[in-house]
Amino acid sequence: MAAAAGAGGQALGRSSFSRAASSKTASSSSSPTASGVKLGPNGAAFVSSGIPDLDSILGGGFLLGSVVMVMEDSDAPHHLLLLRAFMAQGIVHKQPLLFAGPMKEPRTFLGALPAPVASSKEDARQRAVTGSSDGRASDEGLRIAWQYRKYFGDERTSSAEHRDNKQEFSNDFDLRKPLERHLLNAQHIECVSTQDADTLSDLQDRCSTFISRHPRKDGGNLNAGRIAIQSLCAPQCGYFGKDWDMVSFIRSLKAMVRASNAVAVITFPYTVLSDSFCKRWQHLADTLMSIKAIPDEDKDLAKLLTGYQDMVGFLHVHKVAQTNSQVPVILEASTFSLKLRKRRSLVLERLNQAPVDGSSGPSSGASGSCSSSAQGSQLDF
């Protein structure tokens, strides 16, 4: 009897222990992440670049703790499209932002940030609120909601509403519509001017203070920070020409970002750098991209590429950041066409080559005949 009681107590202890462990793992697995942060494999965490297609190309977005570099094009400022999307996405997610640019009033640059495109759910909700003048639609909606609560309970209804109200990880932004002003006046936005700055010490101190507020965390509620630096080696900067100082700044920034929950995006005009220093900059980048504008009228490209009319440039991905892995990231394609969907939102697509004239049908001039006569339809060996 005592042995049975002891066995029963031991079984009871095991069952209670298993329940406690399961509840602990369930609570740890369901621990929420901050808005705008997505967990990936190998303990990686990503923030959105502001362009959904670019997030899917890079395997989830910009890796937390990495430095992203964008090589500018001297013919057109298309790099600003990527930088503005990155900054606007962070402001929409209410993530702290530090912006540095070669201008006297860098806060004026925030006025050019695009606003997110309204989703179909928001449009339907707006139409339901403004357009339901008769009471039939509202009564029908109330009846369906009452039946849903009756059969499934209040918990599932609240969870479904929570999923609908959950903010998107990556938004499409309308380049024609500016971001709302009350979002730009938030306290978590800092701006630094690099124009006429003799040294990079001030910018480095601001970056160090900003990054110190976002220490590295492996799990739980991740609070991500974003650093955006425009045209780091621009000629209007006072430190222009101090190549080793700029390389030292990038190394220091990379070390600070690596030990934090922050992402730094740097654009630079590579044409003003020497070849050796340009290679050093590219080597220091965790994720390296370059952007190239398309001339207004290029008949050769128009014949070669499909959908040329909607293209504004080309995006080339040279290197992709990775963490806790020695396997290199191999992309299916490295060059993409940068397009404007409905003249307002950015889209990245793989390049599709149009068929060459005459390649789809038989051609006598380009016949594969082994005979000297080009008129024969059959191969003559």
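## Cysteines

The structure contains zero disulfides, a disulfide being a pair of cysteine sulfur atoms within 2.5 Å. The closest cysteine sulfur to that of C233 belongs to C237, at 8.1 Å, which is too far for a bond. C233 is buried at a relative accessible area of 1%, and C207 is buried at 0% (buried: under 20% relative accessible area; exposed: over 50%; partly exposed: in between; 1.4 Å probe, protein chains only).

## Basis of the model

The model is predicted: local features need pLDDT of at least 70, side-chain atom pairs count only at pLDDT 80 or more, and totals for chains, interfaces and linings use all residues. Residues are numbered from 1 along each chain as its sequence is written, and side-chain values use heavy atoms, leaving out hydrogens and water.

## Sheet and helices

Nine strands form an open sheet with mixed pairing, in the order 8-5-9-10-4-11-12-13-14. Strands (E, at least two residues) and helices (H or I, at least four) are DSSP runs, numbered from the N terminus; two strands pair if DSSP finds at least two bridges between them. Strand 8 (189-193) and strand 14 (345-350) are the edge strands, each pairing on one side only.

Strand 4 (residues 67-71) and strand 10 (residues 262-268) run parallel and are joined by five bridges. M69 has I266 in strand 10 as its bridge partner. Helix 7 (residues 201-212) packs on the sheet and touches strand 5 (97-101), strand 8 and strand 9 (225-229) (contact: heavy atoms within 4.5 Å).

## Loop residue G43

G43 lies in the loop between strand 1 (37-39) and strand 2 (45-47). G43 is exposed, with a relative accessible area of 59%. Its C-alpha atom is 7.5 Å from that of N324, 281 residues apart along the chain.

Note on methods
Axes are lines fitted to C-alpha atoms, for helices over the stretch in contact, and angles run from 0 to 180 degrees between N-to-C directions.
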